[in-house]
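User: I have a chain open on my screen and would like to go through it with you, a bit at a time. Could you start with how you use the words for surface exposure?

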Amino acid sequence: MRVVRQNDKSSLNGVRIRGGIAALTAAAIASGCAQGGGGGHRDGGGHEVVRPTPSRQPLKAPPPGEAPDAHAEDPHAEDPHARDPQAKKFRSAQAAHAARVAAARRWRLARVPLTPPPPPARKPKITTRAGFEVEGHDELGLPPVFTTVPTKQRVVFLTIDDGAEKDPAFLRMMSELQVPYTAFLSDYLIKEDYGYFKRMQRGGVVLNNHTLHHPYLPALSYYRQRYEICGMQEVIERRYGERPLLFRPPFGNYNRNSLRAAKSCGIEYVPLWNEEVFVDRWDYREWDRKIRPGDIVLSHFRGRGDWKGTMPDMIRRFLNKVTAEGYAVARLEDYL
C-alpha cells in the first residue's frame with residue numbers, strides 16, 4: 001500500500017467647514033458651507049498604503065446639504081434619505097473600510113488587506129491532485145486530496161493547524177482585520193481550553209478535524225485510524241455543535257486506510273496545502289516558489305515557545321505578502 005507523504009513542519013509579520021458668520025438682516029438669513037476632502041495615498045499597484053496617524057486628525061463633516069432657511073422643515077423630522085437602502089449600504093461600506101484601515105494601522109500592516117470577492121455561485125469541482133491518489137481512490141469514492149482550489153479569482157485560503165497556542169491577541173487581530181481562516185484541531189492540544197476555540201467559532205471560523213492525538217497515520221491499522229478520526233469528529237460535534245466535513249492528516253501523511261476511515265466518519269474533503277508560512281519565512285511546494293490563485297496556505301497555532309515571534313507576527317508576514325501580490329484572503333468553505 002502506497003503511503004502519500006507530505007512535508008509538514010509541525011514545529012512550526014480638509015474637511016474644512018467654513019462656518020460663515022451668519023449675517024442677520026431684516027431681509028434674509030444667509031449661510032453657506034463648503035466641503036473638501038483629501039484622497040488616500042496609493043502605491044504604484046493601486047494598493048492603499050497605511051500611513052502613520054497624523055498628529056491632527058482630519059475633521060469629518062456631515063453630508064453637504066442646504067442650510068436652514070425660513071421655509072425649512074422641522075429640524076427634528078426624520079431624514080428622508082435615512083431609509084434609502086442604497087445610501088445605507090454605501091455608509092455601511094464606508095464604515096467597514098474605515099475600520100479595516102484603522103485595524104491595519106493598529107496591527108502595523110504595510111497595506112490594508114484586500115476584500116475578497118463574493119463566494120462563487122457555482123462551486124468549483126474539487127478533484128484529487130495528480131500524484132496524491134491512493135489505490136481505488138475514484139472507485140471507492142474517497143474524499144479528494146488537494147492543495148489548490150480551482151479558481152481564477154486572486155484569492156488564497158489560510159488554514160491553521162493543531163491548537164497548541166491560544167493567543168487572545170490573535171483572535172482580536174483576525175476579528176478586527178476581518179480575515180477569514182479555517183482551523184484544523186487536535187483534541188490533546190485544545191482540551192485544556194475548549195473555550196478559546198468556541199470564541200473562535202463565534203467569530204465565524206469553521207473548526208475541522210486534525211485527529212485526536214496527531215499520530216503518523218500510515219503506521220496505524222484501519223481501525224486505529226478510524227478511532228483517531230471519528231473520535232475527533234465526536235469531540236468537535238459535542239463541544240461545538242457541528243460535525244466537520246474537512247479533515248487534514250497530521251504531517252500531511254496518509255494512505256488508503258486513512259481516506260477510507262475519513263469517509264466512514266463523514267469527511268468529504270482532505271485539503272492539504274501549497275505554501276506554509278512561519279514568523280520568519282515562507283515554504284513552497286512548487287519549484288518556482290510562487291503563490292497561485294486558489295492556493296491553500298498552512299500555518300500552525302504556535303508562539304514564542306516554538307517560533308521567533310507570535311501568531312500576530314506570523315499573520316503580519318502572511319498578509320503583507322499576499323496583499324502586496326494582489327491576493328485577498330477568502331474562506332475555504334465558501335468554495336467547497
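Analyst: A residue is called buried under 20% relative accessible area, exposed over 50%, and partly exposed in between, with a 1.4 Å probe and protein chains only. Aspartate 138, at 69% relative accessibility, therefore counts as exposed. Please keep in mind that this is a predicted model, in which local features need pLDDT of at least 70 and side-chain atom pairs count only at pLDDT 80 or more, while totals for chains, interfaces and linings use all residues. Residues are numbered from 1 along each chain as its sequence is written, and side-chain values use heavy atoms, with hydrogens and water left out.

User: Where does aspartate 138 sit, and which surface patch includes Asp138?

Analyst: Aspartate 138 is in the loop between helix H1 (85–106) and strand E3 (145–146), where helices (H or I, at least four residues) and strands (E, at least two) are DSSP runs numbered from the N terminus. Together with Glu133, Glu135 and Glu139, Asp138 forms a negative surface patch. Patches are made of residues with over 30% relative accessible area and no salt bridge, like charges being joined within 9 Å and nonpolar side chains (Val, Leu, Ile, Met, Phe, Trp, Tyr) within 5 Å. Asp and Glu count as negative and Lys and Arg as positive, while His and the chain ends are not counted.

User: Ok, and the chain overall: how many helices and strands, and what share is buried?

Analyst: The chain has 7 helices and 11 strands, and buried residues make up 46% of its 336 residues. Its accessible surface comes to about 18,400 Å², of which 52% belongs to carbon and sulfur atoms; the areas come from the Shrake-Rupley method with a 1.4 Å probe, and for residues only the protein chains shown count as cover.

User: Switching to charges, how many salt bridges does a search of the whole structure find?

Analyst: The search finds 13 salt bridges, each being a side-chain nitrogen of Lys or Arg within 4 Å of a carboxyl oxygen of Asp or Glu. One of them joins glutamate 192 to lysine 166, with the closest N and O atoms 3.2 Å apart. Glutamate 192 lies in the loop between helix H3 (187–190) and H4, and lysine 166 in the loop between strand E4 (155–162) and helix H2 (168–177), so the pair ties together parts that are 26 residues apart in sequence.

User: Is lysine 166 buried or exposed, and what about glutamate 192?

Analyst: Lysine 166 is buried, with a relative accessible area of 16%, whereas glutamate 192 counts as exposed at 63% relative accessibility.

User: Which other salt bridges can you give me?

Analyst: Arginine 292, partly exposed at 30% relative accessibility, forms a salt bridge with aspartate 288 in which the closest N and O atoms are 2.5 Å apart. Glutamate 325 and lysine 321 also meet through their side chains, at 2.8 Å from N to O, and glutamate 325 is partly exposed at 33%, as is lysine 321 at 22%.

User: What is the backbone like at aspartate 162, and where is the residue found?

Analyst: Aspartate 162 is found in strand E4 and has a phi near 85°, a positive value in a residue other than glycine. Aspartate 162 is also buried, with a relative accessible area of 2%. Histidine 214 likewise has a positive phi, near 60°, and lies in the loop between strand E6 (206–209) and H5, where the residue is buried at 11%.

User: Now the rings: how many aromatic pairs are there?

Analyst: There are 10 aromatic pairs in the whole structure, counted where ring centres of Phe, Tyr and Trp (its six-membered ring) lie within 6.5 Å, with planes under 30 degrees apart called stacked, over 60 edge-to-face and the rest tilted. In one of them, phenylalanine 197 and phenylalanine 301 have centres 5.8 Å apart and planes at 85°, so the pair is edge-to-face. Phenylalanine 197 is in helix H4 (residues 194–202) and phenylalanine 301 in the loop between strand E10 (296–300) and helix H7 (311–324), which puts the two 104 residues apart.

How values were computed: Charge placed at Lys NZ, Arg CZ, Asp CG, Glu CD.
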